[in-house]
Structure formats: structure tokens, C-alpha cells
Amino acid sequence: MNKKKTWLVVLVLILIYSIGGIYYNLTNRDTKKNDVKQIDSVDKYNYVLKSNATELQKTLFNELKDVLKADSVNDDDYAKVISKMFVTDLYTLSNKVNKYDVGGTDLVLEKGRENFKLNVEDTLYKYLEDNSDGNRNQILPEVIKVNADEITDVKYKIDETEYDAKKVVLSFEYKEDLGYDDKATVILIKVDNYYYVVESTN
């Protein structure tokens, strides 16, 4: 009888330990991912800064806030900072969860957003390892400096509609040179007072 009681106690302890382990895994896995939250925003605009932003991304976000709080927003300055934010987010893979966490997506015109994501997932982000558990050891690029070297007014056609557009030529540097692109040309159009990326080439 004592033997049976001993085994029962052992089984109960094992069961409690197992349930505790399952509960811990469910509540603590993906902690890194779930901890990402909004830490800043721009008044009257839908731009937000997330807690996993790099130092450069934080600096650019503050630059954007300064541009947009002016009594009269300068279109060139606005287009340039959006372009810099776009390439910095796109080419910084170190803070992305997986290949589907495509940087710069929110800055792309909605009409072309899905195609943009699919293209990046199959090219630039193709070999990005999943980091849902926060244990990724892959060495990944982080943009630490970006310049808008040139901006010009151009025309851009979408379907049958021609838009006034801004063409921005950029150059950028990485924390570590891993062979990624360091130049890009971005074209933006203004829709409902927002500048959106409609094309990006290396």
C-alpha cells in the first residue's frame, strides 16, 4: 500500500511538473516578438515607431516628426525622409522576425503593397531564418547611415493615371559589410497628403 501511495505521489508530481512546463512554454515563447510595441507616433499622421527600431530608425522618425510639424510641409524634405526610412527598414534585416516581416511595407502605396512583399520575400529576405523564439544566430545587415543624395521631380504612370512624383537617389552604409546593396533609387507619389513609395530599384 505504501509503495502504491509513493508511486501515486511521484505520478502526481510528474503531472504537475509537466503542466507547469507546458504553461511556461506557452506563456514565454515568442517573448521577444510579443514585446514589440508602439513607442512613438506622429500627430495627425499614421506613422508609428516600434520598440525594435534601430538607433538610425529612431533618428529618422524624429526627423520625420520635425518635417511634418512645420506650418507648411516641404514636399522635398518629406519625400526624402520617407525614402530614407524606407530603405533603412527594408535593408535592415537584423530586427525582422522572419522572411514575411518585410521592412518598409507600410510606406509602399497600398495598390502595390502585396506584390512588393512577395517580391522581397522571394529575393532579399529569401534566406532569412525565423527568429520567433529569439534564438537566431544568423549574421544579418543593419543600416546605420543613409543619405538622400539627389531628388528630382518626375512623372509616374499607374494604369492610365499620370502622377507628379519625386525621384530620390540614396546611398547607405551598414554596421557590417555583408555584400548587400548600398544604393537605391526610390520613386514616390503623394496621395491624400501622404508620400508613398511606388517603385524602388538598386
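Predicted model: local features only at pLDDT ≥ 70, side-chain atom pairs only at ≥ 80, totals over all residues.
Q: At what angle do helix 3 and helix 4 pack?
A: Helices (H or I, at least four residues) and strands (E, at least two) are DSSP runs, numbered from the N terminus. Axes are lines fitted to C-alpha atoms, for helices over the stretch in contact, and angles run from 0 to 180 degrees between N-to-C directions. Helix 3 (residues 55–68) and helix 4 (residues 75–91) pack at about 160 degrees, with axes 10 Å apart. Angles under 35 degrees count as roughly parallel, over 145 as roughly antiparallel, 65 to 115 as roughly perpendicular and the rest as oblique. The two helices are therefore roughly antiparallel to each other.

Q: Which residues make that contact?
A: On helix 3, they include Leu 56, Leu 60, Phe 61 and Leu 64; on helix 4, Tyr 78, Val 81, Ile 82 and Met 85 are among them. By class, the contact has 10 nonpolar, two polar and four charged residues. Nonpolar covers Ala, Val, Leu, Ile, Met, Phe, Trp, Tyr, Cys and Pro; charged covers Asp, Glu, Lys and Arg; the others, Gly among them, are polar.

Q: What order do the strands of the open sheet have?
A: Two strands pair if DSSP finds at least two bridges between them. This open sheet of four strands has the order 3-4-5-6, with antiparallel pairing. Strand 3 (143–158) and strand 6 (194–201) stand at the edges with a single partner strand each, so one side of each is left without a neighbour in the sheet. From one strand to the next, the twist averages 30 degrees.

Q: How many bridges join strand 3 to strand 4, and strand 5 to strand 6?
A: Strand 3 is joined to strand 4 (residues 161–174) by 14 bridges, and Thr 152 stands opposite Lys 167. Strand 5 (residues 183–191) and strand 6 share seven bridges; Val 186 has Ser 200 as its bridge partner.

Q: Which residues in the turns have a positive phi?
A: Asp 159, in the hairpin of strand 3 and strand 4, takes a positive phi near 55 degrees. Asp 192 has one of about 55 degrees in the turn between strand 5 and strand 6. In the hairpin of strand 1 and strand 2, with six residues between the strands, Lys 44 has a positive phi of about 70 degrees.

Key
Residues numbered from 1 in each chain as written. Heavy atoms only, no water. Contact = heavy atoms within 4.5 Å.
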